[in-house]
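Here's a quick briefing on how the parts of this model touch one another. Have a look at the structure first, then read on.

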Amino acid sequence: MAERQYEELKEFEKQLEARGLKYVGRPRPNREAVLKVTGKAVYVDDLRLPNMLHAKLLLSPHAHARIVSIDTSEAEKIRGVRAIVHYFNSPHNVFNSAMRFYGDNSPFDMPETEYIFDEYVRFVGDRVAAVAADDPFIAEEAVKRIKVEYELLPAVFDVDQALAEGAPLANPHGVDGTNICGGWLAYGSHSEEEVLKAIDEADYVFEDTFELSKVHHGYLEPVCHVAYYSPDGKLTIWTSGQNVFCFRSVIAQALGLPHSKVRVIKMIVGGAFGGKLEVLHEPVVGLLSMRTGRPVKLRLTRKEVFLSTRSRHSGKVTVRTGVDKDGRIRGQYIRSLMNTGAYAGSGPNTVGAQSGKTFLLYDAPYMFYRGAAVYTNIPPAGAMRGYGTPQIMLPRETHIDRICREMGWDPVEFRLKNVLRPFQNNCLGQNVHNARIADCIRAGMEAFRWYERRRAAEATHGQRVRRGVGMGLAVHGAGWYPVYQDLTTVTIRLHDDGTAVLLTGTHDLGTGARTILAQIAAEILTIDPDLIEVIEADTDVTPLDLGAQASRTTYIGGNATILAARQLREQLLDEASRMLKVSIDRLELDDGFVVVRDNPSQCVSIADIVASAQRGSTGMPQRELIATATFESRTAIESYAADFCEVEVDTETYQVRVLDFLAVHNSGRVINPLLFEGQVHGGIHMGLGYALSEEMIIDPQTGEVKNPNFKKYRMFKAADMPPSIRVITVEEPEEAGPFGGKSIGECASDGVAGAVVNAVSHALGVELRRVPLTPEYLRSVVEASRRS
Amino acid sequence: MDERVEVTLNINGEEYQLEIGKRWTLLYVLRDVLNLTGTKYGCGTGDCGACKVLIDGEPVNSCTYLATRAQGKEVITIEGLSKDGRLTPVQQAFVETGAIQCGFCTPGMVITATALLRRNPNPTREEIIAALDNNLCRCTGYVKIIEAIELAARRMRGEA
């Protein structure tokens with residue numbers, strides 16, 4: 001988008017704000033809420049197509065093996081089995097399931113390492129075969145009767161094993177014969193040597209290594225896909241996904257189809273959090289439909305979701321910081337190893353994304369990031385809310401608290417001294433725009449009564465049940481600028497009764513994206529948001545979008561909506577001016593009418609203007625009032641959060657209870673406070689589980705996920721949540737955002753675990769170096785510290 | 001494959017005579033025989049509550065409940081709560097408070113809340129939280145769900 005267009009857009013927003021905003025900034029329930037609360041919302045698993053078959057996957061029982069042979073003869077004998085696909089009878093087109101846009105296949109960033117079925121299986125849960133049958137019971141029975149001969153191969157499960165000398169290769173695509181995926185990413189304010197030297201020359205040097213666990217998104221809706229390959233050679237996929245246009249590219253590549261012959265339709269999504277951003281088993285379902293000519297559905301069981309989808313990167317992060325006597329951070333070096341599992345997916349890109357966040361929080365003259373994704377034989381990691389960011393924030397925020405303890409600084413004051421200020425350039429020379437993190441810290445400190453409660457907590461430290469008070473910070477961007485292209489297109493059409501339809505490739509994941517875009521369009525067109533239909537994410541119907549990821553939806557989609565609505569407004573004013581015979585500069589849109597500003601009784605309804613345009617009544621060509629606009633991000637905008645919490649730890653059982661949580665967010669102007677709060681609450685829930693209870697436990701012998709169910713994979717229940725949760729905002733508008741808005745989806749969760757771990761450290765007076773803080777781990781740390 | 005049996009089920013006030021597999025769960029019968037897809041499969045092990053229905057007024061996980069056991073009982077699903085297109089007070093409160101995001105846990109949550117408020121019209125916050133012990137939500141942190149149940153309770157008592 002040209003600079004001029006951008007400036008005009010911002011000028012236009014200011015005019016609207018001067019008039020007073022009617023819909024933007026107001027709470028409004030999710031527009032799908034009534035459908036959902038009555039059980040009428042249609043998710044993928046609720047689709048019922050004529051003659052639909054049901055698919056079942058055969059998943060590998062081995063962490064690493066070559067498939068020698070597959071015998072399907074017994075399975076084929078079962079009545080009702082319609083197709084069986086596997087390595088020996090399927091296309092072998094390599095792809096990367098995390099590809100974000102067409103042509104996104106750099107071997108450094110997006111290595112292509114996956115097939116629909118490979119000759120090798122590389123984790124327990126990898127795809128071996130799939131069956132389509134008349135009902136799910138038949139499909140399940142058939143899968144049991146497939147005989148596979150495997151040649152077992154050595155495997156590695158964690159990053160240390162994977163990088164050891166002579167380690168078996170978990171995946172053959174590693175760099176230079178190692179398990180490094182893509183390559184090392186290494187950059188900073190100065191050279192690596194200069195940064196390390198600057199740190200060593202500081203008055204104090206600290207270094208900590210933190211172990212990060214593998215956690216799952218835990219979306220309530222299991223992964224589900226439906227495919228239908230129709231007689232005209234068109235493959236339609238209905239899925240619960242976050243990036244239909246990219247899915248189209250990946251599915252087309254995997255199956256060898258042109259893009260025009262693949263249509264991907266996003267259904268209502270029952271939670272995603274990044275876990276449905278990457279293509280999962282869609283190509284398999286597509287292949288089964290191509291083989292049978294019938295619609296095919298695959299709905300994973302919860303166990304299969306844990307074994308064969310995506311999860312957060314586990315790994316190891318080391319932070320080394322040099323601090324001067326006055327409490328200023330002189331230099332910081334971060335080394336990160338992210339366990340990407342058996343396939344590249346988004347591994348290298350997650351490293352890239354987390355590296356960026358490293359530089360956007362603290363103001364240190366010397367900083368350097370070195371990181372890599374590492375192949376192992378465990379289920380592939382992938383995008384998950386934060387996309388590598390919690391894995392930086394958590395180790396670093398706990399490291400900062402350790403520095404505070406050793407140097408005698410209060411954690412709030414140390415952070416206030418060192419965080420970046422608004423419109424400052426960081427050590428890479430990047431401007432952080434209206435970064436209000438210091439304001440967030442101050443607001444939280446007051447609202448949480450920080451000093452008073454720290455002291456009160458410390459008074460309990462001789463008791464069996466001890467309290468601790470901690471905090472943690474976070475930063476997250478909105479979109480990809482300046483790393484990749486970042487655009488979306490919105491089309492708005494006006495109907496002849498004065499209502500409208502907005503077409504967008506944006507994906508609503510239950511987050512309220514459709515609601516928010518309607519609010520923004522309504523603000524400009526002065527039509528009630530409920531009268532603006534929002535059609536989302538269908539590759540054959542809606543304009544291009546790059547997916548619900550990178551916290552980009554409100555920023556990119558919101559701005560595109562403003563552009564399209566503004567064009568439509570101009571068309572309305574133009575036609576109204578001819579109808580009323582009044583010059584445009586005297587006209588304004590108001591509550592569904594174009595009115596003459598100095599004579600409001602003279603007006604014409606949007607419905608009449610649309611009808612007039614279609615009839616060509618004013619001498620203009622007959623035309624539809626329709627506008628299409630593309631927004632291209634030209635600015636990186638960051639959201640900030642300061643999270644505060646108080647915990648209570650029983651030093652006999654080592655159970656941790658979070659008593660109070662306060663999240664302070666700088667997300668620019670909040671477009672919809674009700675949905676905003678909901679995002680923050682959910683982010684807190686996810687962060688608390690990350691800190692305290694959730695972990696996919698990998699068997700060290702077999703590599704199998706040992707707890708693939710909700711009984712043993714412990715997400716917080718209502719009773720586990722803090723009795724008090726508060727959300728406050730520092731609502732400083734960010735100029736580039738729509739009406740000053742920034743992102744919230746990921747920032748909501750990025751800093752939560754750091755605050756919790758710091759509070760538990762405060763309660764127990766020990767350094768904690770891993771999550772989750774299980775009672776066993778806490779007991780071992782406390783006992784070790786007593787011994788020393 | 002599975003031995004078939006004839007059953008008579010009373011679902012949302014209507015009688016259905018069905019021939020079903022002996023080991024079919026109530027959830028499978030609701031969703032895949034009767035197309036009552038409002039009840040959700042979330043885990044299949046009775047741990048998430050997305051499949052809850054009322055059986056003789058009690059919230060039950062239909063994913064671990066054999067359909068044959070439901071004979072002679074009154075089953076109410078999410079589709080059977082609202083009458084004539086009007087939301088129940090619980091449903092209305094869920095919508096207004098923002099308790100619904102992705103919506104996948106919502107039918108189960110509404111069923112649990114409905115059963116609670118029928119049994120106990122004036123629950124404390126602790127009693128609400130205890131009632132939600134078998135319902136997972138990943139989007140809301142339960143904050144607005146608890147608020148919604150409190151609001152519905154107040155309204156049903158005529159206090160709001």
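## Interfaces at a glance

Let's start with one pair: Arg138(B) and Glu694(A) join their side chains in a salt bridge, 2.8 Å from N to O (a salt bridge being a side-chain nitrogen of Lys or Arg within 4 Å of a carboxyl oxygen of Asp or Glu). This is a predicted model, where local features need pLDDT of at least 70, side-chain atom pairs count only at pLDDT 80 or more, and totals for chains, interfaces and linings use all residues. Residues are numbered from 1 along each chain as its sequence is written, chains are lettered from A in the order in which they are written, and side-chain values use heavy atoms, leaving out hydrogens and water.

**Chain A against chain B**

- About 4,200 Å² is buried between chain A and chain B, with 61% of that from carbon and sulfur atoms (buried area is the accessible area, 1.4 Å probe, that two parts lose on being put together, summed over both).
- Val37(A), Arg48(A) and Leu220(A) give 16% of the area chain A buries here, more than any other three residues.
- Chain A brings 57 residues to the contact and chain B brings 47 (contact means heavy atoms within 4.5 Å).
- The rule finds 7 salt bridges across this interface.
- There are also 24 residue pairs in polar contact, both at pLDDT 80 or more (a pair of N or O atoms within 3.5 Å; within protein, one must be able to donate a hydrogen and the other to accept it, and residues adjacent in sequence count only if both atoms are side-chain atoms).
- On the chain A side, H2 (33-37), H4 (136-144) and H18 (673-692) are the elements giving two or more residues (helices are DSSP runs of H or I, at least four residues, and strands are runs of E, at least two, numbered from the N terminus).
- H18(A) has the largest share of that side, with 8 residues.

**Inside chain B**

- Chain B splits into domain 1 (4-80) and domain 2 (89-156), with bounds from an automatic or database domain assignment.
- The C-alpha centres of these two domains of chain B are 21 Å apart.
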